[in-house]
Amino acid sequence: MPVAGRLVRVLTDVLGDTLPVRVRAWDGSESGPPEAPLVIIKDRKALRRLAWRPDEVGLGRGYVAGEIDVEGDLFDALGRLMDLVSAQNGSRPALSARRRAQLLISAMRLGAVGPEPAPPPEEARVEGTMHSRGRDRAAISHHYDVGNDFYRILLGPSLVYSCAYWNRPQDPAYSLEDAQRDKLELVCRKLGVQPGTRLLDVGCGWGSMALHAAREHGATVVGVTLSAAQASLARERVEQAGLAGQVQIRLQDYRDVDDGPYDAISSIGMAEHVGAGPYLDYARSLFGLLRPGGRLLNHQIARRPGPSTQGEQTFISAFVFPDGELTPVGDTVSLIEQAGFEVRDVQALREHYALTLRQWVRNLEARWDEAVRLTSPGRARVWRLYMTGSALSFEANRIGVNQVLAVKPTAEGRSGAPLVRGAWTVLD
């Protein structure tokens with residue numbers, strides 16, 4: 001049997017009964033459905049990785065290292081593979097010792113013998129106690145301190161690294177930058193930001209939310225981040241905008257902020273890094289930093305209800321978000337209320353994030369060579385695979401994203417919130 005045919009057998013053992021892609025092996029042979037997307041196994045080392053790690057981490061390492069590639073539409077190929085795994089719905093058991101032995105024998109017959117290959121250098125390596133300050137800094141640095149110019153390519157001029165709000169999706173002139181501006185405006189309206197509002201932006205990124213709140217609404221803003229690269233560029237942007245008197249950017253852990261009270265707090269795409277265990281302490285910290293009547297806007301990705309997979313290594317935990325953890329939105333709402341808040345509104349933006357990620361993938365692919373030069377081929381491949389898979393997961397409702405608006409009631413129980421939502425969900 002040609003090499004490709006034997007590879008299909010190996011991949012079928014790992015992934016499922018019917019492989020929905022075509023495979024081309026390092027010898028040029030091909031096997032699989034003729035019209036299916038083409039997955040190319042360029043090097044025996046990819047098979048050796050899979051023999052040692054017959055899961056998404058093993059496959060991901062091969063892709064990041066350039067030993068596995070996809071010809072054509074990555075969304076199509078990855079979508080078929082993810083649908084295959086999802087259809088099994090956990091019914092396919094982990095590889096038994098006997099099946100592992102068979103897989104190793106198949107790999108040996110294909111010449112893929114030897115010790116487990118070293119992970120690509122782009123894989124995260126963090127040490128210390130989970131969610132300690134030092135380890136959190138290392139995890140954030142792995143993800144964000146890869147070059148501000150790389151993120152400019154990825155995110156576009158807005159430099160907003162979270163779900164956009166596609167307020168006018170049918171308008172052909174409506175851009176990613178427009179949608180990100182509308183997301184920042186949405187947050188400001190929900191928080192009731194106005195001239196003189198004192199706003200804390202937790203996980204401030206490159207300063208886009210702080211700049212918008214100060215420039216468009218007259219707020220005084222403190223932004224905190226654990227990323228040195230983010231803080232440096234955010235400060236430059238504040239100076240260039242002439243807003244140094246209104247915006248302060250700190251390289252600081254939110255747990256060390258002690259200069260409350262604030263009128264409002266925004267936490268946009270940051271709470272995923274907190275973890276389920278420390279989450280109540282996170283919510284209590286923000287509660288303590290608000291004045292009575294102050295509001296919190298928590299924008300956070302959520303997983304579907306069910307058992308947590310925390311502790312299991314995945315492609316995203318290995319390469320993208322070390323120590324990140326998703327929780328169901330119901331758990332998040334419950335913990336925020338346990339901290340003392342009253343939750344006033346929950347808005348699901350799942351489809352908005354899928355649209356945002358597809359645009360980020362287009363940005364990356366359009367300037368691929370430049371992105372590779374600024375980082376590494378492996379780093380660019382990490383981001384392409386991660387964002388493609390995430391877009392597909394949002395579209396299939398495997399994950400979601402929600403804005404939770406909460407208020408710190410006064411001692412008398414008053415919220416100060418409007419009786420109706422107002423016009424924030426449809427912006428001008």
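Biologist: Which strands does helix H8 lie across, and at about what angle does this helix run to S9?

Modeller: In this predicted model, helix H8 covers residues 176–191 and lies across strands S5, S8, S9, S10 and S11. Among these strands, S9 spans residues 290–303, and the direction of H8 relative to S9 is about 140°.

Biologist: What is the order of the strands in the open sheet?

Modeller: Strands of a sheet pair through backbone hydrogen bonds, either parallel or antiparallel. In this open sheet of seven strands the pairing is mixed, and neighbouring strands are turned by 15° against each other on average, with direction ignored. Read across the sheet, the order is S7-S6-S5-S8-S9-S11-S10.

Biologist: Which are the edge strands of this sheet?

Modeller: An edge strand pairs on one side only, and the order of the sheet begins with S7 and ends with S10. The edge strands are therefore S7, residues 247–251, and S10, residues 342–348.

Biologist: In which sense do S10 and S11 pair, and which residue of S11 does Glu342 stand opposite?

Modeller: S10 and S11, the latter covering residues 399–407, pair over six bridges, and the sense of this pairing is antiparallel. Within S11, the residue that stands opposite Glu342 is Val407.

Biologist: Where does helix H13 lie, and at about what angle does it run to S10?

Modeller: Helix H13, made of residues 329–338, lies across S9, S10 and S11. Its direction relative to S10 is about 160°.

Biologist: Which residues make the contact of H7 with H14, and how do they divide by class?

Modeller: On the side of H7 the contact is made by Phe150, Ile153, Leu154 and Leu155, while H14 contributes Trp360, Asn363 and Leu364. By class, these residues divide into six nonpolar, one polar and no charged.

Biologist: Which element gives the largest share of the lining of the second largest pocket?

Modeller: The second largest pocket holds about 170 Å³ of space, and its lining includes Arg6, Asp13, Gln102 and Arg109. By class, the lining has two nonpolar, two polar and four charged residues. Helix H1 (3–15) and helix H5 (97–109) are the elements that give two or more residues to this lining, and the largest share, four residues, comes from H1.

Terms used. Residues numbered from 1 in each chain as written. Predicted model: local features only at pLDDT ≥ 70, side-chain atom pairs only at ≥ 80, totals over all residues. Heavy atoms only, no water. Contact = heavy atoms within 4.5 Å. Nonpolar A, V, L, I, M, F, W, Y, C, P; charged D, E, K, R; others polar. 1 Å grid on protein atoms, 1.4 Å probe; cavity = no way out; pocket = protein on both sides within 12 Å on 5 of 7 lines; lining within 4 Å. Points joined across faces, edges and corners; volume = space filled by probe spheres on them. Pairing = 2+ DSSP bridges. Axes fitted to C-alpha atoms, helices over the stretch in contact; angles between N-to-C directions.
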